[in-house]
Amino acid sequence: ERLYRWVAAWEMFQHRPITGFGQGGFVANYKNYAVSLFTTYVSGNEEHSTVHNYLLFILSEQGVIGFLLFIIVVVMVLIRGQKIYHETMDATERAIVMGLLISFVVVLFDNMLSDLMEAVKVGPFFYWIIALLVIQDLKNKNHQTAAVASPTLT
(Lines give C-alpha, C1' and ligand atoms only; values in the text may rest on other atoms or scores of the structure.)
Protein backbone atom coordinates (compact mmCIF):
# COMPACT_ATOMS: atom_id res chain seq x y z
CA GLU A 1 0.00 0.00 0.00
CA ARG A 2 2.85 2.38 0.71
CA LEU A 3 4.27 1.74 -2.75
CA TYR A 4 0.79 2.36 -4.19
CA ARG A 5 0.65 5.77 -2.56
CA TRP A 6 4.32 6.64 -3.06
CA VAL A 7 4.06 6.00 -6.80
CA ALA A 8 0.86 8.05 -6.94
CA ALA A 9 2.50 10.93 -5.07
CA TRP A 10 5.51 10.88 -7.39
CA GLU A 11 3.25 10.88 -10.45
CA MET A 12 1.26 13.77 -8.99
CA PHE A 13 4.47 15.69 -8.38
CA GLN A 14 5.56 15.12 -11.96
CA HIS A 15 2.19 16.41 -13.19
CA ARG A 16 2.38 19.63 -11.11
CA PRO A 17 6.01 20.00 -10.01
CA ILE A 18 6.09 23.71 -9.13
CA THR A 19 3.06 24.21 -6.88
CA GLY A 20 1.64 20.73 -6.33
CA PHE A 21 -2.06 20.03 -5.85
CA GLY A 22 -2.56 22.27 -2.84
CA GLN A 23 -3.46 21.58 0.76
CA GLY A 24 -5.50 18.38 1.01
CA GLY A 25 -4.92 17.70 -2.67
CA PHE A 26 -3.35 14.28 -2.28
CA VAL A 27 -6.38 12.41 -0.96
CA ALA A 28 -8.68 14.03 -3.51
CA ASN A 29 -6.44 13.27 -6.51
CA TYR A 30 -4.05 10.39 -5.91
CA LYS A 31 -6.21 7.57 -7.29
CA ASN A 32 -5.99 9.11 -10.76
CA TYR A 33 -2.19 8.79 -10.56
CA ALA A 34 -1.92 5.43 -8.80
CA VAL A 35 -0.57 2.32 -10.51
CA SER A 36 -2.90 -0.66 -10.15
CA LEU A 37 0.07 -3.04 -9.84
CA PHE A 38 0.47 -1.95 -6.18
CA THR A 39 -3.24 -2.01 -5.22
CA THR A 40 -4.05 -3.78 -1.93
CA TYR A 41 -7.19 -4.43 0.07
CA VAL A 42 -6.87 -1.06 1.83
CA SER A 43 -6.44 0.96 -1.36
CA GLY A 44 -10.02 2.18 -1.08
CA ASN A 45 -8.69 4.53 1.60
CA GLU A 46 -11.89 4.92 3.57
CA GLU A 47 -9.91 6.56 6.42
CA HIS A 48 -8.57 9.24 4.00
CA SER A 49 -4.95 8.68 4.97
CA THR A 50 -2.21 10.19 2.86
CA VAL A 51 1.17 9.29 1.36
CA HIS A 52 3.02 7.80 4.37
CA ASN A 53 6.15 9.74 3.43
CA TYR A 54 6.33 13.40 4.38
CA LEU A 55 8.74 14.41 1.63
CA LEU A 56 6.52 12.89 -1.06
CA PHE A 57 3.55 14.44 0.70
CA ILE A 58 5.12 17.90 0.40
CA LEU A 59 6.10 17.31 -3.23
CA SER A 60 2.59 16.20 -4.21
CA GLU A 61 0.71 18.91 -2.31
CA GLN A 62 3.12 21.86 -2.32
CA GLY A 63 5.50 21.06 -5.17
CA VAL A 64 9.13 22.07 -5.38
CA ILE A 65 8.47 25.41 -3.69
CA GLY A 66 7.13 23.85 -0.50
CA PHE A 67 9.72 21.10 -0.60
CA LEU A 68 12.60 23.58 -0.84
CA LEU A 69 11.18 25.68 2.00
CA PHE A 70 10.97 22.57 4.20
CA ILE A 71 14.51 21.47 3.31
CA ILE A 72 15.83 24.97 4.02
CA VAL A 73 14.22 24.91 7.48
CA VAL A 74 15.64 21.44 8.21
CA VAL A 75 19.17 22.35 7.06
CA MET A 76 19.10 25.63 8.99
CA VAL A 77 18.00 23.87 12.18
CA LEU A 78 20.74 21.25 11.86
CA ILE A 79 23.50 23.76 11.05
CA ARG A 80 22.41 26.27 13.68
CA GLY A 81 21.83 23.45 16.17
CA GLN A 82 25.42 22.31 15.77
CA LYS A 83 26.60 25.87 16.38
CA ILE A 84 24.37 26.14 19.46
CA TYR A 85 25.85 22.87 20.73
CA HIS A 86 29.41 24.21 20.42
CA GLU A 87 28.49 27.57 21.99
CA THR A 88 26.83 25.96 25.02
CA MET A 89 29.30 25.84 27.91
CA ASP A 90 27.26 24.06 30.59
CA ALA A 91 27.65 20.29 30.23
CA THR A 92 24.04 19.52 31.13
CA GLU A 93 22.67 22.08 28.71
CA ARG A 94 25.05 20.82 26.05
CA ALA A 95 23.73 17.27 26.53
CA ILE A 96 20.17 18.60 26.22
CA VAL A 97 21.06 20.35 22.95
CA MET A 98 22.55 17.11 21.63
CA GLY A 99 19.40 15.25 22.69
CA LEU A 100 17.26 17.81 20.90
CA LEU A 101 19.29 17.47 17.71
CA ILE A 102 19.12 13.68 17.83
CA SER A 103 15.38 13.89 18.45
CA PHE A 104 15.04 16.21 15.47
CA VAL A 105 16.79 13.68 13.24
CA VAL A 106 14.60 10.88 14.61
CA VAL A 107 11.48 12.92 13.75
CA LEU A 108 12.83 13.40 10.23
CA PHE A 109 13.52 9.68 9.80
CA ASP A 110 10.10 8.83 11.23
CA ASN A 111 8.51 10.97 8.56
CA MET A 112 10.21 9.03 5.77
CA LEU A 113 7.75 6.21 6.54
CA SER A 114 4.85 8.32 7.68
CA ASP A 115 3.41 11.75 7.21
CA LEU A 116 2.63 12.57 10.80
CA MET A 117 4.31 15.98 10.77
CA GLU A 118 0.93 17.67 10.54
CA ALA A 119 -0.66 15.36 13.08
CA VAL A 120 -0.72 15.68 16.84
CA LYS A 121 1.51 12.61 17.10
CA VAL A 122 4.78 14.02 15.71
CA GLY A 123 4.30 17.58 14.50
CA PRO A 124 4.47 19.31 17.87
CA PHE A 125 7.82 17.67 18.65
CA PHE A 126 9.29 19.06 15.43
CA TYR A 127 8.34 22.61 16.46
CA TRP A 128 9.08 22.16 20.18
CA ILE A 129 12.59 21.03 19.35
CA ILE A 130 13.12 24.11 17.20
CA ALA A 131 11.70 26.34 19.95
CA LEU A 132 13.92 24.78 22.63
CA LEU A 133 16.99 25.25 20.41
CA VAL A 134 16.06 28.92 19.93
CA ILE A 135 15.68 29.31 23.71
CA GLN A 136 19.13 27.79 24.27
CA ASP A 137 20.59 30.03 21.57
CA LEU A 138 19.14 33.12 23.27
CA LYS A 139 20.42 31.89 26.61
CA ASN A 140 23.91 31.46 25.13
CA LYS A 141 23.79 34.97 23.67
CA ASN A 142 22.77 36.39 27.08
CA HIS A 143 25.70 34.59 28.74
CA GLN A 144 28.10 35.92 26.10
CA THR A 145 26.76 39.47 26.50
CA ALA A 146 27.02 39.27 30.30
CA ALA A 147 30.58 37.96 30.05
CA VAL A 148 31.62 40.83 27.81
CA ALA A 149 29.82 43.46 29.93
CA SER A 150 31.42 42.37 33.21
CA PRO A 151 34.89 40.90 32.67
CA THR A 152 36.36 39.09 35.61
CA LEU A 153 39.41 40.50 37.33
CA THR A 154 42.36 38.19 37.69
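Tutor: We'll go through a pair of helices and then a loop.

Tutor: This is a predicted model, where local features need pLDDT of at least 70, side-chain atom pairs count only at pLDDT 80 or more, and totals for chains, interfaces and linings use all residues. Residues are numbered from 1 along each chain as its sequence is written, and side-chain values use heavy atoms, with hydrogens and water left out.

Student: How do helix 1 and helix 3 cross?
Tutor: The axes of helix 1 (residues 2-15) and helix 3 (residues 54-87) come within 8 Å, crossing at roughly 20°. The two helices are therefore roughly parallel (angles under 35 degrees count as that).

Student: Which residues make the contact?
Tutor: Helix 1 brings Trp-6, Ala-9, Trp-10, Met-12 and Phe-13, and helix 3 brings Leu-56, Leu-59, Ser-60 and Val-64. Contact means heavy atoms within 4.5 Å.

Student: New topic: what about phi of His-52?
Tutor: His-52 sits in the loop between helix 2 (25-29) and helix 3, and its phi is near 70°, a positive value in a residue other than glycine. Most residues other than glycine have a negative phi.

Student: And Asn-53, buried or exposed?
Tutor: Asn-53, in the loop between helix 2 and helix 3, counts as buried because its relative accessibility is 11% (buried means under 20% relative accessible area, with a 1.4 Å probe and protein chains only).

Student: What does Asn-53 touch?
Tutor: Leaving aside neighbours within four places in sequence, Asn-53 is in contact with Trp-6, Asn-111, Met-112, Ser-114 and Asp-115. A polar atom of the Asn-53 side chain also lies 3.1 Å from the backbone nitrogen of Leu-56.

Terms used
Axes are lines fitted to C-alpha atoms, for helices over the stretch in contact, and angles run from 0 to 180 degrees between N-to-C directions. Helices (H or I, at least four residues) and strands (E, at least two) are DSSP runs, numbered from the N terminus. Angles under 35 degrees count as roughly parallel, over 145 as roughly antiparallel, 65 to 115 as roughly perpendicular and the rest as oblique. Buried means under 20% relative accessible area, exposed over 50%, partly exposed in between (1.4 Å probe, protein chains only). A polar contact is a pair of N or O atoms within 3.5 Å; within protein, one must be able to donate a hydrogen and the other to accept it, and residues adjacent in sequence count only if both atoms are side-chain atoms.
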